[in-house]
Amino acid sequence: AASLPVPPDAFLLDEAFRLIYSDPTLDFRHLEKYNIAKFTHELVKRVNRRLNEDAIKEILVEEINFVSSKDISR
(Lines give C-alpha, C1' and ligand atoms only; values in the text may rest on other atoms or scores of the structure.)
Protein backbone atom coordinates (compact mmCIF):
# COMPACT_ATOMS: atom_id res chain seq x y z
CA ALA A 1 0.00 0.00 0.00
CA ALA A 2 2.94 2.35 0.60
CA SER A 3 3.86 2.25 -3.09
CA LEU A 4 0.40 3.37 -4.25
CA PRO A 5 0.03 6.88 -5.64
CA VAL A 6 -3.13 7.33 -3.51
CA PRO A 7 -3.57 5.98 0.04
CA PRO A 8 -6.14 3.15 -0.03
CA ASP A 9 -7.90 4.35 3.13
CA ALA A 10 -10.51 6.45 1.33
CA PHE A 11 -11.34 3.63 -1.09
CA LEU A 12 -11.55 1.14 1.77
CA LEU A 13 -13.93 3.30 3.78
CA ASP A 14 -16.07 4.10 0.74
CA GLU A 15 -16.41 0.46 -0.26
CA ALA A 16 -17.13 -0.60 3.33
CA PHE A 17 -20.05 1.83 3.53
CA ARG A 18 -21.30 0.80 0.09
CA LEU A 19 -21.29 -2.86 1.15
CA ILE A 20 -22.87 -2.23 4.55
CA TYR A 21 -25.73 -0.12 3.23
CA SER A 22 -26.47 -2.34 0.24
CA ASP A 23 -26.41 -5.70 2.06
CA PRO A 24 -29.96 -6.93 2.72
CA THR A 25 -28.67 -9.67 5.05
CA LEU A 26 -27.14 -7.19 7.51
CA ASP A 27 -29.29 -6.78 10.61
CA PHE A 28 -27.68 -4.40 13.10
CA ARG A 29 -29.82 -5.80 15.90
CA HIS A 30 -28.32 -9.27 15.34
CA LEU A 31 -24.70 -8.73 14.29
CA GLU A 32 -23.72 -12.11 15.74
CA LYS A 33 -25.39 -13.70 12.71
CA TYR A 34 -23.53 -11.59 10.12
CA ASN A 35 -20.88 -13.30 7.99
CA ILE A 36 -17.97 -10.95 8.62
CA ALA A 37 -15.52 -13.19 6.74
CA LYS A 38 -17.62 -12.89 3.58
CA PHE A 39 -17.85 -9.13 4.10
CA THR A 40 -14.08 -8.62 4.49
CA HIS A 41 -13.32 -10.91 1.53
CA GLU A 42 -15.68 -8.93 -0.71
CA LEU A 43 -14.23 -5.68 0.61
CA VAL A 44 -10.70 -6.76 -0.34
CA LYS A 45 -11.86 -7.67 -3.86
CA ARG A 46 -13.68 -4.37 -4.39
CA VAL A 47 -10.89 -2.15 -3.09
CA ASN A 48 -8.24 -3.97 -5.13
CA ARG A 49 -10.43 -3.65 -8.22
CA ARG A 50 -10.73 0.10 -7.71
CA LEU A 51 -6.99 0.46 -7.06
CA ASN A 52 -6.23 -1.66 -10.12
CA GLU A 53 -3.80 -3.89 -8.23
CA ASP A 54 -3.53 -6.42 -5.41
CA ALA A 55 -2.64 -3.87 -2.74
CA ILE A 56 -4.91 -5.17 0.03
CA LYS A 57 -4.43 -8.74 1.24
CA GLU A 58 -6.49 -8.85 4.43
CA ILE A 59 -8.80 -6.61 6.38
CA LEU A 60 -9.12 -6.73 10.14
CA VAL A 61 -12.29 -5.52 11.84
CA GLU A 62 -11.65 -3.89 15.17
CA GLU A 63 -15.24 -3.11 16.12
CA ILE A 64 -18.70 -2.43 14.76
CA ASN A 65 -20.98 0.03 16.52
CA PHE A 66 -24.63 0.75 15.89
CA VAL A 67 -26.70 3.53 17.42
CA SER A 68 -30.39 3.51 16.61
CA SER A 69 -32.03 6.76 15.60
CA LYS A 70 -34.13 6.78 18.80
CA ASP A 71 -30.93 6.68 20.90
CA ILE A 72 -29.42 9.76 19.25
CA SER A 73 -30.08 13.00 21.14
CA ARG A 74 -31.02 15.91 19.00
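Which side chains meet in a salt bridge with an N to O distance of 3.1 Å? They are those of Arg46 and Glu42. A salt bridge is taken here as a side-chain nitrogen of Lys or Arg within 4 Å of a carboxyl oxygen of Asp or Glu. The model is a predicted one, in which local features need pLDDT of at least 70, side-chain atom pairs count only at pLDDT 80 or more, and totals for chains, interfaces and linings use all residues. Residues are numbered from 1 along each chain as its sequence is written, and side-chain values use heavy atoms, with hydrogens and water left out.

Arg46 and Glu42 both belong to helix H2. They are four residues apart, about one turn of the helix. Helices (H or I, at least four residues) are DSSP runs, numbered from the N terminus. Arg46 counts as partly exposed, because its relative accessibility is 24%. Glu42 is also partly exposed, at 22%. The classes are buried (under 20% relative accessible area), exposed (over 50%) and partly exposed (in between), for a 1.4 Å probe and protein chains only.

Arg46 has a further partner. Its side chain meets that of Glu15 in a salt bridge of 3.5 Å, N to O. Glu15 is buried, since its relative accessible area is 6%.

How do the two helices pack? H1 spans residues 9-22, and H2 spans residues 36-51. They pack at an angle of about 130 degrees, with their axes 9 Å apart. Axes are lines fitted to C-alpha atoms, for helices over the stretch in contact, and angles run from 0 to 180 degrees between N-to-C directions. H1 and H2 are therefore oblique to each other. Angles under 35 degrees count as roughly parallel, over 145 as roughly antiparallel, 65 to 115 as roughly perpendicular and the rest as oblique. The crossing of H1 and H2 is right-handed. A crossing has this hand if the near helix is turned clockwise from the far one by less than a right angle, and is left-handed if anticlockwise.

On the H1 side, the contact is made by Phe11, Leu12, Asp14, Glu15, Ala16, Arg18, Leu19 and Ile20. H2 contributes Phe39, Glu42, Leu43, Arg46, Val47, Arg50 and Leu51. Contact means heavy atoms within 4.5 Å. The contact residues divide into nine nonpolar, no polar and six charged. In this scheme Ala, Val, Leu, Ile, Met, Phe, Trp, Tyr, Cys and Pro count as nonpolar, Asp, Glu, Lys and Arg as charged, and the others, Gly among them, as polar.

Leu12 lies in helix H1. It is partly exposed, with a relative accessible area of 27%. Leaving aside residues up to four places away in sequence, Leu12 touches Leu43, Val47 and Ile59. The C-alpha atoms of Leu12 and Leu51 are separated by 10.0 Å, and the two residues are 39 apart along the chain.

Two further H2 residues were examined. Thr40 is found in this helix. It is buried, with a relative accessible area of 14%. Thr40 touches Ile59 and Val61, not counting residues up to four places away in sequence. Asn48 also lies in H2 and is buried, at 8% relative accessible area. With the same exclusion of residues up to four places away, Asn48 touches Glu53, Asp54, Ala55 and Ile56.

Asn52 is found in the segment after H2. Its phi is positive, about 65 degrees, although it is not a glycine. Most residues other than glycine have a negative phi. Asn52 counts as exposed, because its relative accessibility is 71%.
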